[in-house]
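Here is a short tour to read with the model open beside you. Each stop takes up one part of the chain.

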Amino acid sequence: MILIVGGAGYVGSVLIKEMLARGYAVKVFDRMYYGDSGIRDNLERIKLVEGDVRTMDDTVLDGVEAVINLSGLSNDPTAEYNPKANFDMNTRATERLANLCKAKGVKRFIFASSCSIYDVGIGNDEQDIVLDEEAEVNPKAAYSSSKYQAEKILLSLADKNFCPVILRKGTIFGFSPRMRYDLVVNTFLKDALSKGQITIHYGGEMWRPMVDVRDAARAYITCLEAEENKVKGQIFNVVYSNFRISELALRVVEALRGVNVESQLKPDYRYQGVRSYRVSGKKIKRVLDFTPAVTVEEAVKDMVESISRYRFTDFDNPRYYNIAWMKLLEEASKIIKITGSVFDVQTRPFQPSIVGGLDKVVRSR
Ligand SMILES: NC(=O)c1ccc[n+]([C@@H]2O[C@H](COP(=O)([O-])OP(=O)(O)OC[C@H]3O[C@@H](n4cnc5c(N)ncnc54)[C@H](O)[C@@H]3O)[C@@H](O)[C@H]2O)c1
C-alpha cells in the first residue's frame, strides 16, 4: 500500500486516480482543509485517515511500502501568512515523517518540492539562465526556503534503509477535482471565462517553468517504480517547458478561441514582487526516461470541459484560492469560539463582551 500524505489536495486527487487505475492500493492521510471533493469519487477504493501531519501517529504507516508527501502549505501567500505553521508543516513535519518511516522500515519517500527555490527575481540578467538540479540556490521566501530545508534534511537521511527522492515541480496547470484557480494558467482561464479579460501582471515578463497536473502525477509514479539506485538521494525537476507569463497568457487566449471563448489581454506594468526563474527538465528524461507531455492548450480545453461537468464555475468561491480559504477558516474558527456553532442552542447567558469580541474579529478582516 502507498501512503499519500496531503493526498486530498489538487495534485493528490489526480495522483490517486492515476494510481488506482494502475492497480495500486492507496491510503490517504490528510487534514482535509479543502474538503473531500478531490477524492469523493474514490472514497470507497482508498483508505482515508484524517489528521495533521505534524502529529501523525506511526500506526498510519502499518502496511505501507512507500510514502509520497504532498502535505503542508503549498504556495507563497499561505506561507507568508503564517511562516511558523509553514515551517512546522513543510520542514519539521517532513523530517518527523521521514524519521517515522525510517523507524518503521518504509524505505521510499517521495517529497513534493518546488521549482520556486530557483527564483532569481526579475531584472537580474546575469542569473537569468536555465538552472538545473546542480545549481546553487539560496531561497529566501518562507515557502521556498521551507521546501529547500526539508530537501536537505531528507537527503541527509538517505542510507541503505531509506530512499528519499525529491521532485521539484514547476507551477502546475490543469484540471483536478480539488480545483485551484490560484495557479497562473488556471487563473488566466478563470479570468477569461468570468470577466472576458486576462490581466498580465508586470507585463508578463517573468519566466516560469510549467507542468500539467497529470504529468506531475505520472512523475510521482515513475519515481515510485524506478530502480532504487536511479532515484535514491536524487533531486528531479519536473517541467514541461519554461514560458514567459505573457506567452502563457497568449496561449490561453488562443486555446480558448478554439473553443469559442473570446478574451482580451490587459497588461499591468506595476511591480508586484514577481518571481522569475527558468529550469531544466532534462535530468528526469535522461535518468528515468520521463517526459511531460500535456501542452498548455490541451490542458485549457480539458479544463473548460471538466469545470463545467464538475460545476466548478462558482469562480468566486474562496475554496479555490488557498490563501482566501485559509483566512476564511481562521476567521470562522475565531468567531465560532465566541458564538458556538450557529444552530446549537445558546446555553450561555448574554454577555455584552461577546458582541464586543465579535466586532473585533469582524473589524480585523
Ligand atoms: N500546485 C503547484 O503548482 C505546486 C508546484 C510545486 C510544488 N507543489 C507542492 O506539491 C504539493 C501538493 O500541491 P497541491 O497543489 O496539491 O496543494 P494543495 O494545497 O491543493 O494540497 C495540499 C494538501 O495537503 C493537506 N494538508 C495541508 N497541511 C496539512 C497538514 N498539516 N497535515 C495533513 N495534511 C495537510 C491539505 O488538506 C491538502 O489536501 C505541495 O507540497 C506543494 O507545495 C505544488
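## Starting at a helix end

Just after helix α5, G196 takes a positive phi of about 70°. Helices here are DSSP runs of H or I with at least four residues, strands are runs of E with at least two, and both are numbered from the N terminus. Before going further, please note that this is a predicted model, in which local features need pLDDT of at least 70, side-chain atom pairs count only at pLDDT 80 or more, and totals for chains, interfaces and linings use all residues. Residues are numbered from 1 along each chain as its sequence is written.

Does the length of α5 agree with what its residue count predicts, or disagree? The 12 residues of α5 (184–195) should span 16 Å at 1.5 Å a residue, and the end C-alpha atoms are 16 Å apart, which agrees. The expected span is 1.5 Å times one less than the number of residues.

In α5, V184, V185, N186, F188, L189, K190 and A192 are buried. Buried means that 20 or more other C-beta atoms lie within 10 Å of a residue's own, exposed means 12 or fewer, and partly exposed is in between, with C-beta atoms placed from the backbone. The buried residues of α5 pack against β8, β9, β10 (207–212), α8 (245–257) and α10 (296–309). Contact here means that two C-beta atoms, placed from the backbone, lie within 7 Å.

## Two strands to look at

Strand β9 (residues 197–201) has a covered face with I198 and I200, and an uncovered one with Q197, T199 and H201. In a regular strand, side chains alternate between the two faces of the sheet. β9 pairs with strand β13 (residues 264–268) in the parallel sense over five bridges, and Q197 stands opposite Q264 of β13. Two strands count as paired if DSSP finds at least two bridges between them.

Strand β2 (residues 26–30) is largely enclosed by the rest of the structure, because five of its five residues are buried. V26, V28 and D30 point one way and K27 and F29 the other way. Strand β1 (residues 2–5) runs parallel to β2, joined by four bridges, and I2 stands opposite V26.

## Around the ligand

The ligand is surrounded by 28 residues, and the closest are G6, G9, Y10, S74 and A112.

By class, the shell has 12 nonpolar, nine polar and seven charged residues. Ala, Val, Leu, Ile, Met, Phe, Trp, Tyr, Cys and Pro count as nonpolar, Asp, Glu, Lys and Arg as charged, and the others, Gly among them, as polar.

## Two loop residues

Most residues other than glycine have a negative phi. D289 is not a glycine, yet has a positive phi of about 55°. D289 sits in the loop between α9 (282–288) and α10, and is exposed, with 10 other C-beta atoms within 10 Å.

R311 also has a positive phi, near 55°. R311 lies in the loop between α10 and α11 (322–339) and is exposed, with 7 other C-beta atoms within 10 Å.

## Two domains

The chain is divided into domain 1 (2–319) and domain 2 (323–363), with bounds from an automatic or database domain assignment. Their contact takes six residues from domain 1 and five residues from domain 2.

Methods: Near = placed C-beta within 6 Å.
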